[in-house]
Amino acid sequence: MSSSASSNNVEAIFQRLMKLPGIIGAILVDSNGNPVKTSLDASVSMLYAGRMGQLIHMARSMKHEILVAQEGNYMVIVVQCSEVLDEARRSITSRAVAANVSPARH
C-alpha cells in the first residue's frame with residue numbers, strides 16, 4: 001500500500017470516528033507518542049497523549065491492543081491480539097476490494 005493510500009485510509013478512519021455519538025475529539029499520535037493530527041486543542045492533545053504513553057508502551061511490549069472503557073462504577077479492559085486484528089482488517093479490505101465496495105461500509 002502506498003503512503004498516500006495509507007494516509008487517505010487514516011484520514012477516513014479519523015473522520016469516521018469523529019462522527020460517532022459522544023465523541024469529544026480524536027488524537028492521532030506517532031510512534032513516539034507525539035500528536036500529529038488532532039481535533040482537540042493542542043494542549044489538551046498533549047495532555048492525553050502524555051498520559052496514555054505508559055499504556056501504549058505496555059500494550060506494545062505485550063504485542064496486543066488494549067481497549068479501556070469506563071461504564072458507571074466499572075471499567076472494561078479488552079485485550080486483543082494485534083496479529084489476529086491485522087489479519088481481520090486485511091480480510092475485510094480484500095473482500096471489499098473484490099466486491100468493489102469501500103471497507104468503511106462493513
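Residues are numbered from 1 along each chain as its sequence is written, and side-chain values use heavy atoms, with hydrogens and water left out.

Colour the chain by pLDDT, the predictor's confidence in each residue, from 0 to 100. The mean for the protein chain is 81, and 89% of its residues reach 70 or more. Confidence is highest in β2, at 91, and lowest in helix α3 (residues 82–98), at a mean of 76. Where pLDDT is low, the predicted coordinates should not be read in detail. Helices (H or I, at least four residues) and strands (E, at least two) are DSSP runs, numbered from the N terminus.

Next, select residues 27–29, strand β1, and residues 35–38, strand β2. The two strands pair in the antiparallel sense over three bridges; pairing requires that DSSP finds at least two bridges between two strands. Ile27 has Thr38 in β2 as its bridge partner. Five residues lie between the strands of this hairpin, where Gly33 takes a positive phi near 85 degrees.

Now select Lys37 and Glu11, which form a salt bridge with the closest N and O atoms 3.3 Å apart. The pair links distant parts of the chain, strand β2 for Lys37 and helix α1 for Glu11, 26 residues apart. A salt bridge here is a side-chain nitrogen of Lys or Arg within 4 Å of a carboxyl oxygen of Asp or Glu, and a search of the whole structure finds one.

Leaving aside neighbours within four places in sequence, Ser45 is in contact (heavy atoms within 4.5 Å) with Ile27, Pro35, Thr38 and Leu40. Ser45 and Ile27 are 18 residues apart in sequence, while their C-alpha atoms are 6.5 Å apart in space.

Finally, select Ile23, in the loop between α1 (3–18) and β1. At 35% relative accessibility, Ile23 counts as partly exposed.

How values were computed
This is a predicted model: local features need pLDDT of at least 70, side-chain atom pairs count only at pLDDT 80 or more; totals for chains, interfaces and linings use all residues. Buried means under 20% relative accessible area, exposed over 50%, partly exposed in between (1.4 Å probe, protein chains only).
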